[in-house]
Number of protein chains: 2
Amino acid sequence: MAGRTDTKTRILDAAEKLFAERGFSETSLRLITSKAEVNLASVNYHFGSKKELIRAVLARYLDVFMPTAASEIKRLHLAPEHASLNEIFSALIKPLLELNKVRNGGTIIFLQLLGRGYIESQGHLRWFITTHYGQHLSTFVQAVSASAPHIPPAEMFWRLHFTLGTIVFTMASADALNEIAASDYGEHNNTEAIIRKVIPYMAAGVAVPVISNE
Amino acid sequence: MAGRTDTKTRILDAAEKLFAERGFSETSLRLITSKAEVNLASVNYHFGSKKELIRAVLARYLDVFMPTAASEIKRLHLAPEHASLNEIFSALIKPLLELNKVRNGGTIIFLQLLGRGYIESQGHLRWFITTHYGQHLSTFVQAVSASAPHIPPAEMFWRLHFTLGTIVFTMASADALNEIAASDYGEHNNTEAIIRKVIPYMAAGVAVPVISNE
DNA sequence: TCTCAATTTAAACACCCGTTTAAATTAATC
DNA sequence: GATTAATTTAAACGGGTGTTTAAATTGAGA
């Protein structure tokens with residue numbers, strides 16, 4: 001090893017911030033490396049390509065979040081299947097907020113990256129996540145399904161993606177929404193407050209009975 | 001007037017399709033004009049810039065959707081304030097599906113454009129919509145508020161944006177989700193079927209009682 | 001039919017992009 | 001301290017971007 005030892009980290013730190021606030025394709029490697037104060041070519045040296053840098057940025061969060069989230073779900077009252085949907089979703093708050101300790105604003109950065117990734121990379125990221133973290137994901141899906149046994153699996157599939165959309169879109173626009181809420185209603189919410197607002201909404205939507213329709 | 005009369009239309013038609021499926025910044029003017037079989041420079045001649053083209057693409061849908069949606073809400077049983085949330089959201093189905101008559105796949109194109117716009121253009125589109133269609137929007141917000149009077153205005157503000165996120169993220173990934181649903185559950189949903197799935201979810205979320213919390 | 005304005009066209013402009021190269025520099029190993 | 005491998009650096013490469021220009025073409029109106 002040689003040189004300043006943390007070039008990789010400097011790149012990741014600068015990249016995640018820029019990716020989260022302007023999206024992947026709107027963020028050039030030149031912008032990243034200038035913010036990180038490293039040479040342009042070092043991205044390709046350390047990560048191979050921009051696409052792999054994007055994956056590395058996401059993996060750094062997913063590697064922390066996924067295992068702790070799954071274990072939080074598992075030890076819900078030592079019996080996840082008897083937990084309410086609100087409890088299950090709420091069990092994700094702590095793992096999410098702990099990302100703030102990893103890095104300042106880590107929680108919202110992670111959720112914004114997730115949203116950007118799902119929308120910008122047409123299915124590419126979806127594949128990456130399900131193949132790398134499928135085990136942890138199904139822990140979550142099983143707990144939710146057990147808690148809402150009246151929802152058929154196919155319907156649950158859709159509703160969990162509705163839920164993903166809700167949280168991810170909200171966080172992507174969180175700053176703008178917070179500004180409006182502050183000027184229109186005098187409200188000032190941090191990331192945790194927004195998460196606590198959205199959980200009852202999602203839990204109610206996931207559990208609402210399926211009607212056969214007229 | 002001179003030349004082929006429908007150059008503007010050819011550009012708009014090609015642009016909306018490409019914008020919806022790959023996003024604004026990922027779609028070059030050269031790709032648009034080659035699909036539209038018009039000259040590259042005609043975009044700047046007719047629209048001024050790419051940014052104004054994006055706005056024109058969106059306005060063409062909003063100009064149709066917003067007035068009919070607002071009038072559908074207004075004539076809900078001749079008394080919108082006594083309609084259920086499900087009825088109010090469902091009143092948007094017809095205006096949405098009529099976009100399919102304007103152009104093939106118009107409904108999903110519109111919703112995808114909306115989502116792309118909200119996420120890619122950091123607040124820029126939000127401003128455009130609220131200033132140009134604010135009247136129609138508040139018709140909708142008032143009907144929803146009257147139907148869920150137990151939700152304070154500030155909370156309703158957040159929940160309606162949760163709702164926007166739900167529908168818009170879902171439609172942006174609709175094709176991918178439909179593929180998975182087809183292979184995993186043998187389901188085949190068209191745009192209308194997905195909209196009908198998402199409405200109960202959103203209605204339940206918007207109306208769920210606010211808890212003061214521990 | 002001639003005139004003139006609207007439109008279309010091909011070409012160029014100036015700039016930004018991700019990636020590669022080869023030399024310079026740095027740190028570790030013997 | 002010499003050797004070697006890892007890293008950093010400046011520069012260039014090839015290509016794509018939105019936009020502008022000026023000439024060519026088109027279609028009405030007089």
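Do the two copies meet through the same surface or through different ones? They meet through the same surface, because 98% of the interface residues of chain B are also interface residues in chain A. Here, contact means heavy atoms within 4.5 Å.

Before the views, a word on the model. This is a predicted model, in which local features need pLDDT of at least 70 and side-chain atom pairs count only at pLDDT 80 or more, while totals for chains, interfaces and linings use all residues. Residues are numbered from 1 along each chain as its sequence is written, chains are lettered from A and ligands numbered from 1 in the order in which they are written, and side-chain values use heavy atoms, with hydrogens and water left out.

**View 1. How chain B is laid on chain A.** A turn of 180° with a shift of 0.0 Å along the axis brings chain B onto chain A with an RMSD of 0.1 Å. That is the relation of a two-fold axis. Copies are superposed by least squares on the C-alpha atoms of residues with pLDDT of at least 70 in both. Look for B:Thr166: of the residues of chain B, its C-alpha comes closest to the rotation axis, at 2.2 Å.

**View 2. The contact between the chains.** Chain B brings 46 residues to the contact and chain A brings 45. Between them they bury about 4,200 Å², 70% of it on carbon and sulfur atoms; buried area is the accessible area (1.4 Å probe) that two parts lose on being put together, summed over both. In chain B, B:Trp158, B:Phe169 and B:Tyr201 lose the most area to chain A, together 21% of what that side buries.

**View 3. A salt bridge from chain to chain.** Here the side chains of A:Lys197 and B:Glu155 meet, at 3.1 Å from N to O. A salt bridge is a side-chain nitrogen of Lys or Arg within 4 Å of a carboxyl oxygen of Asp or Glu.

**View 4. A salt bridge within one helix.** A:Glu155 and A:Arg159 both lie in helix α9 (residues 153-172) of chain A, 4 residues apart, about one turn of the helix. Their side chains meet in a salt bridge (3.6 Å, N to O). Helices (H or I, at least four residues) and strands (E, at least two) are DSSP runs, numbered from the N terminus.
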